[in-house]
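Have the sequence and the 3D view ready side by side. We will walk through the model together, starting with a pair of helices.

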Amino acid sequence: KVNIPGLIDYLFVTVRPLADEHGTQLTFVHPDDQMSIVTDPRRVRQILLNLLSNAIKFGRQKPIKVVCEREEGGGISVAVIDQGEGISEEDRTRIFEEFVQVSSTQQMGTGLGLPISRRLATLLDGSLEVESTVGEGSTFTLKLPPEAKPTMFEIDDTTPEKLAHDSAAKAGEIDPQKDAENKGSKGVRVA
């Protein structure tokens with residue numbers, strides 16, 4: 001089981017230098033410390049780190065609040081709320097497309113963080129949604145079930161090595177017979 005408040009506390013320590021650099025106050029609100037679910041902690045950490053980093057970068061040095069709540073059925077929602085520039089209605093769907101950046105500020109990035117985060121949320125049997133008002137800020141909400149499918153923990157299809165291998169195989173650069181022989185008893189990479 002993954003204790004979500006504990007994971008968020010850990011992330012606050014991780015992003016504190018970035019928040020201090022931007023003069024941003026971070027607040028974490030949760031009803032209790034015993035909010036645990038069965039999920040992949042590395043993936044949840046990756047999603048929330050992206051959301052917190054974006055909130056700090058685009059939050060205009062205003063306070064950021066993270067709210068963790070228990071959902072019906074035992075799941076958990078985590079909302080990252082900023083008071084930044086907000087996202088227009090037309091851009092709200094585009095931000096989940098790869099390589100898209102819609103901010104009017106000149107921030108470094110690839111435009112991959114939100115698309116990857118949404119994909120990971122889906123792989124965890126959850127969702128990642130956004131509500132936003134231009135000039136007032138944005139709320140990104142990650143919702144996770146009480147227990148993710150066990151297969152999520154068995155195969156890691158998102159590693160750079162796996163993606164490179166798949167691309168090479170499609171391009172005919174890898175002989176499938178030799179590839180299978182080379183793998184031998186190594187089996188599937190465990191996440």
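**Where two helices meet**

Begin with helix H1, where Ile4, Leu7, Ile8, Tyr10, Leu11, Phe12, Thr14, Val15, Leu18, Ala19 and His22 touch Pro41, Val44, Arg45, Leu48, Leu49, Leu52, Ser53, Ile56 and Lys57 of helix H2. Contact here means heavy atoms within 4.5 Å, and helices (H or I, at least four residues) and strands (E, at least two) are DSSP runs numbered from the N terminus. By class, this contact has 15 nonpolar, three polar and two charged residues. Ala, Val, Leu, Ile, Met, Phe, Trp, Tyr, Cys and Pro count as nonpolar, Asp, Glu, Lys and Arg as charged, and the others, Gly among them, as polar.

This is a predicted model, in which local features need pLDDT of at least 70 and side-chain atom pairs count only at pLDDT 80 or more, while totals for chains, interfaces and linings use all residues. Residues are numbered from 1 along each chain as its sequence is written, and side-chain values use heavy atoms, leaving out hydrogens and water.

How do H1 (residues 4-22) and H2 (residues 41-58) lie? Their axes come within 10 Å and cross at roughly 30 degrees. Axes are lines fitted to C-alpha atoms, for helices over the stretch in contact, with angles from 0 to 180 degrees between N-to-C directions. H1 and H2 are therefore roughly parallel to each other, a label for angles under 35 degrees.

H2 also packs against helix H4 (residues 113-123), at an angle of about 145 degrees and with the axes 9 Å apart. The residues of this contact divide into six nonpolar, five polar and one charged.

Now look for rings: the whole structure holds one aromatic pair. Phenylalanine 12 and phenylalanine 28 are tilted, at 5.9 Å centre to centre and 50 degrees between the planes. Rings of Phe, Tyr and Trp (its six-membered ring) pair if their centres lie within 6.5 Å; planes under 30 degrees apart count as stacked, over 60 as edge-to-face and the rest as tilted.

Finally, the chain averages a pLDDT of 80, the predictor's confidence in each residue from 0 to 100.

Note on methods: Angles under 35 degrees count as roughly parallel, over 145 as roughly antiparallel, 65 to 115 as roughly perpendicular and the rest as oblique.
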